[in-house]
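Me: Can you walk me through some of the local geometry here? Keep it short.

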Amino acid sequence: MKKATRYFSTLALVSGAALSLVACGNNKNSKNNNADETHHKFRQTVPVKSVKKGGTLNYAIESDSPFTGIFLPELSDTATDTEVAEPGQEPLFQTDDQYKINNEGSATFKLDRKAKTVTIEMKKGVKWSDGKQVTAKDVEYAYEIIANKDSKSQRYTDSLANIVGLAEYHDGKSKKISGIEMPDGENGRKVVIHFKQMKPGMLQSGNGYFWEYAEPYHYLKDVPFSKLMSSDKVRKSPLFYGPFRVSKLVRGQSVTWERNPYYWRGTPKLEKVTMSVIGTNSVTQAIKSHKFDVAGVVNTQWEDVKNATDTNFIGNVPLSYSYLGFKVGKWDKKTGKNVENKNSKMNNPSLRKAMAYAMNVDAVAKRYYHGLAFRVNTLIPEQFGDYTDKSIKGYPYNLKKANELLDKAGYKKKGEYRVQPNGKKLVINLAVRNNSTTAEPVWRNYIQQWKKAGLDVKFVGGRPMEFNNWVQAVQSDDPKIDVFEGGWQLSSEPSPNDLYNVAAPYNFARFVSPKQTKLLADIDSEKAFNPTYRANAFKKWQKWMYDEAYVVPTTNQYSVTAVNKKISGWSLKPSAAVTKWYNAGFVK
């Protein structure tokens, strides 16, 4: 999921801001053990040339499952849905290449630390695709969607609850969010958000403390919150204020976009965009035959595609990681908190660490990903510089250490496999996404590695799971799951609070610790406005997570995109995320 976005992905929490579950295993992503070197492996932007107006860009949505088509970021939590919505779903803010919010987007931003406020003002002329001006109420309404329990949004977090009155609205104690002020009325363009505490990450996009999208209140107000997710106004005929609007939709399979005649920046260069789902098995041939103008490279197929003619390959190391998570509790819907079970099967750090050490991650990255994947050591990616603890070496393959950990913890062998310290049989049920052609061989390899350590690990259901089924099972704490692999497309603000705190729905391992609560609070404290203090706070949390191993990072991959040489204006730079759909066009 993605944080300002955090998402499940096929990997943008749009966490408080937006998080995502990564489903796609195509992982248009990379390798190396030195991120600084890898960043220069590919250019991030196609060559700049003069472009003409017109033409239809064909864009590949790589997924082995249909997209769900929830065109509301407040309710969507898969990276695929986020990607499908990109041509129309413009966020409020634009950023520089370090993800710092500037005033070049559809709204301006002003932070007042003393008054504990953030002021957001929509620019005049920013209009929905039906011609209506985006208003203050549209900004406020997005918070109502998130915080109203009837909408069943996964975006409500402790971080957003730092907004004055949001928790009271969420709990049904108030019909309005008292801390969201509209000085010029609902039809004005200015919103002032009042916070209980100011946080050091608030100048960065994706910080999770305020939302970065607006929704059309005039269009959706008659739809009950409980019906939003299934409404045709969301799934079939959504409104956007980005450069394009939906002209045709084949649910789960394709979307055709046409120019939004009311787009505030002007007329996009492209006349249309057609986005179509393509299975990961078919991507390489599609790139080589120029079926699509823009398509993510499936890294396992890099050797077959790298010499494609009339193609520019651009890439970067994304803010993401794959991981192994250990279920040690459940989500309590009544309290909105995770509840850890100290007696759960996987609630032994020695068992968790042993499983991590028994995984031959480096060998798998080399064997299957052609130098475009690499093992990661910690849960704060290297792109975050001083916030990353480079002293943590992760869990490199060490079968001897895995066996020693298990022996010392009392997991004795009884025949071929080990039993629990209490003498009971130990079978570990693993939930894996069927997100690429390599998913099954990769994870059968790991199952064999665990067997070498005496651990009996089996796929839930006997094989990797269809992505949407995996999302449902992991989110709902299916009792059949002991261990699961997953991936996060991360926010551009590095705080892990919305992923792993006691009230985080995305804390799928369901671990809870007063120690961790303190460490997370320290990262986002007033003291952490001092960069050195915050860097040390990040490192303390990383060390704690490394020692406890509730969630173990495994790999990241270079994200590589194949772009038709006839296209200019396409860029992967953070500063271009909002404008590329407006600027891209066919070369004259």
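**Strands and helices**

Reply: Thr108 stands opposite Glu121 in β8. This is a predicted model, in which local features need pLDDT of at least 70, side-chain atom pairs count only at pLDDT 80 or more, and totals for chains, interfaces and linings use all residues. Residues are numbered from 1 along each chain as its sequence is written, and side-chain values use heavy atoms, with hydrogens and water left out.

Me: In what sense do β7 and β8 pair, and over how many bridges?

Reply: Antiparallel, over 6 bridges, with β7 at residues 107–112 and β8 at residues 117–122. Strands here are DSSP runs of E, at least two residues, numbered from the N terminus; two strands pair if DSSP finds at least two bridges between them.

Me: Which residue in that hairpin takes a positive phi?

Reply: Lys116, near 60 degrees; the hairpin has 4 residues between the strands.

Me: What is the bridge partner of Ile120 in β10?

Reply: Val191. β8 and β10 (residues 190–194) pair in the antiparallel sense over 5 bridges.

Me: Switching to helices. At what angle do α9 and α11 cross?

Reply: Roughly 165 degrees, and the axes of α9 (residues 349–357) and α11 (residues 399–408) come within 8 Å. That makes α9 roughly antiparallel to α11 (angles over 145 degrees count as such). Helices are DSSP runs of H or I, at least four residues; axes are lines fitted to C-alpha atoms over the stretch in contact, with angles from 0 to 180 degrees between N-to-C directions.

Me: Which residues of α9 make the contact?

Reply: Ser350, Leu351, Lys353, Ala354 and Tyr357, against Leu399, Lys401, Ala402, Leu405 and Leu406 of α11 (contact means heavy atoms within 4.5 Å).

Methods
Parallel < 35°, antiparallel > 145°, perpendicular 65-115°, else oblique.
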